[in-house]
Amino acid sequence: MINIELDYFAIKCANGHLNECTNDVCKECGISLEDQRQSDDPYVESRKLLLNNVLSYIENSELEYKDLKKAIRKGIRTKNCYENEMEKVSEYISILSNELRFDIFYSINMTQEGIKLAETNQIINDMNTFFIKLYVLLGEVTVFEPTKVLRNIHKRLLLTVIAYKESVVELIMSTIALNIEHAMKLKDISQVKLDNSAQELKILSNIFGARNIGNVTDLFQNGELNHSAILGMVWQTSNEGTIEEKISDVCEQTSYYFRSILSRDKEHYSNDDLLKLSIYKYVGTIAFDDESFFRKVSIAYKTYEKAFEKNSSLVCEFLSRYTAKYKYMFKKLSDLSIAIGFVFGHNPPSHVLMTNGLKWYKDLCEGIYRDSMIFLLLASCIDREKIFDIDELIEWTGFADICGQFASLTNYKLNYFVEGVDSIIRHSEAHVDYDIDIDNQRVILRNRQKKTKTISTKEYSFDDFFDQINLLSETVYSSIAAFTVFLINNKYQIDNVDSYLAEDKVTNKSLEAYAVLGLFGILIDQESENDSAMELSGMYIGEVEQFSFESILAIFAPLVKAKPHLSNVKLELCDQEGEKFGHIKVRTDYILNSMNESGIKKDCWILLYMYTTEFQSIYEPCQVEKKSDDKFLSGILQFIFPLFEEIDNGKKRIIQTGKVYTAEFVKVADQIKYVEMIAEEYLKYSSVPRLIRHVIQIFRNIHIAINVIIEHDSNHSINLDIEFKKISKEMMSVAHTFEYLSGEINEMELFFNYSEEGKQLYKNVTLNSPCPCGSGKKYKKCCKNHKLTSQNII
């Protein structure tokens, strides 16, 4: 809470009794304090003088911001587009969260005595810096031009920055108010805006779940997880705190987001209730305009409540027959929410977005829309006292009939619930085809009879169709979000409400460490485990042809934390028809090691588990082991370059000072030995082990030379030049290995000419001797061809 200490913080009544400034009447004698609260503050001018620079900057910045908005409207000022706009938005959120912290405003002593204090003057200087950063951020966010995927996020971010700015400006204004009445009013307004801004900032900070999922390593807890908890954890991306704290954070944000219709006391709502709603909060913050979304939510919710008040028994009878459709719809919406999260997280190219978007639009129109609107139609019939048959309504009311009725019910505002449904689909007389023209960036809807007769056609640009998808999603999500809140609010009045809010057992067992798998569309159904290995099997609920096993490496991190005794985990997947299509096998002990190390050692273990992981899929080309060897070699050698630089810097210090800085060389030696150890560990997986042995020998020789250098202080007879020349020679060996990796020389040329093992193998071979490679040919007819000329060898 904000605490501003003014001279009027304590006021006296006419009888001289001391009161807090927030009191309306004297706490002792009960007489009014209105005159004292509204009397002018005699010290306001001294506070204005202290805040002069801050007030001037705010005034000038407000005028500049007004001019900026005018220039944008007139087209004088163009907006900025960024290639990696996700990173830019993340940067803005980070500035708002970390650099513009509100701490300096929490306690301000603006009394006559307080403004003389050095710490108060320092706070004023900090305020000035704060406002400079804040207005710079406001300007940058205002001139930021988002793509369609980030349009709603940008709007939410801009409104949050504006609200944040207004809250601190009003707080400053409260310190120079003429009287305590006005000061407290401004302070209270500032507090409300600040609290709301903080909640909006939390929402913004946690909407990048899908794209950050690779960094999440703590999405598990002991015992079983229900479906709602999994979803709630998916929407929460913070790496800090326990799982209970994460879930609590999701619930807090969801409660704030739906505060306008969560009308019961706080104690009424369980975590499961709020986690159920977190789906709609997550998608809403990404894709929907708040004003439009909550207008629909409010209309639907009020319609449900009116129907329940008029005929609760009929509503309950309907709900008893509607359970299966609701659960099916909820599952489909959960899947769609995950898909939307991934699209937002990765901001794919337009043709990828539209290819997936077309599928979502079709799914929404061909089932989800109808099922989500049935209860709204029933509730409107009860409200209008229209006679209907429940079974007929549930089983036989069609998509077009619902759209037609809603479009005509403008007095009940149900016409909002046909938004996003194209007229071709709404009044469909036959089959609707959905086509995409990638070259021309068009989406085409055709209403056809048989294969040849087209009744009507509608075309959209990609941008327009994206808006249509968002609008339809908003319509569907608003109806079902309002329905879910209606159930939660009335859970003690509706007998069978548990059948809606209870969790489906979507797997044979909710495995304790697999919450994050749901984000990738994977449902685990079996597990088996021995002392050090585990085998899992499950189903992938997406399009298997587009699935990449490599993309799910991150999911094993929470499993490693939960079961550190494992060294191997194999996950085998089937499609929705039950056909197996591939597996991934991971050395989880390598992952655990990477989580326990830092710096180059951490990087080494990451490299090791990346290139020792086994992938097999009928839809992906088989992993080429030699290619993995090359990638591993390239990665492990990259780690050496910074160490070479440190060795070179150490050499320069020796030349300058004549002294060996032992500690620095010991550190380098330790790191090189570690890299050597990782390469030796990889050796057992290699398809071309002689190349790995060659690199191991390079590391070993460098390590030996550095150890000799380290001994120089105790043995001055050591020739440092010789040891540094040995290291330089090994640096050249690394360069030759990169020649192989770049294709300048082949594998045998590297082995034959540059590796110690190769040179030793072919050392005393004569032209007519059997070739040492074991081919059975004479040396001159075999490996001699790989010998490079002196001009080739550097």
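1. Let's begin with a helix pair in this predicted model. Helix H4 (residues 85-99) packs with helix H5 (residues 118-142) at an angle of about 160 degrees, and their axes lie 11 Å apart. Because angles over 145 degrees count as roughly antiparallel, H4 is roughly antiparallel to H5. The crossing of the two helices is left-handed.

2. Which residues make the contact? From H4 they are Tyr92, Ile95, Leu96 and Glu99, and from H5 they are Lys133, Leu137, Glu140 and Val141. By type, the contact of H4 with H5 is made up of 5 nonpolar and 3 charged residues, with no polar ones.

3. Next, have a look at lysine 601, which sits in helix H21 (residues 599-612). Leaving out residues up to four places away in sequence, lysine 601 touches Asp670 and Tyr674.

4. Now for the whole protein chain. Its secondary structure comes to 28 helices and 12 strands. Of its 794 residues, 50% count as buried.

5. Finally, a word on contacts along the sequence. Taking contacts in the protein chain between residues at least 6 apart in sequence, 69% join residues at least 24 apart.

Note on methods. Residues numbered from 1 in each chain as written. Predicted model: local features only at pLDDT ≥ 70, side-chain atom pairs only at ≥ 80, totals over all residues. Heavy atoms only, no water. Axes fitted to C-alpha atoms, helices over the stretch in contact; angles between N-to-C directions. Helix = DSSP H or I, 4+ residues; strand = E, 2+ residues; numbered from the N terminus. Parallel < 35°, antiparallel > 145°, perpendicular 65-115°, else oblique. Left-handed = near helix turned anticlockwise from the far one by under 90°. Contact = heavy atoms within 4.5 Å. Nonpolar A, V, L, I, M, F, W, Y, C, P; charged D, E, K, R; others polar. Buried < 20%, exposed > 50% of the residue type's maximum accessible area, 1.4 Å probe, protein only.
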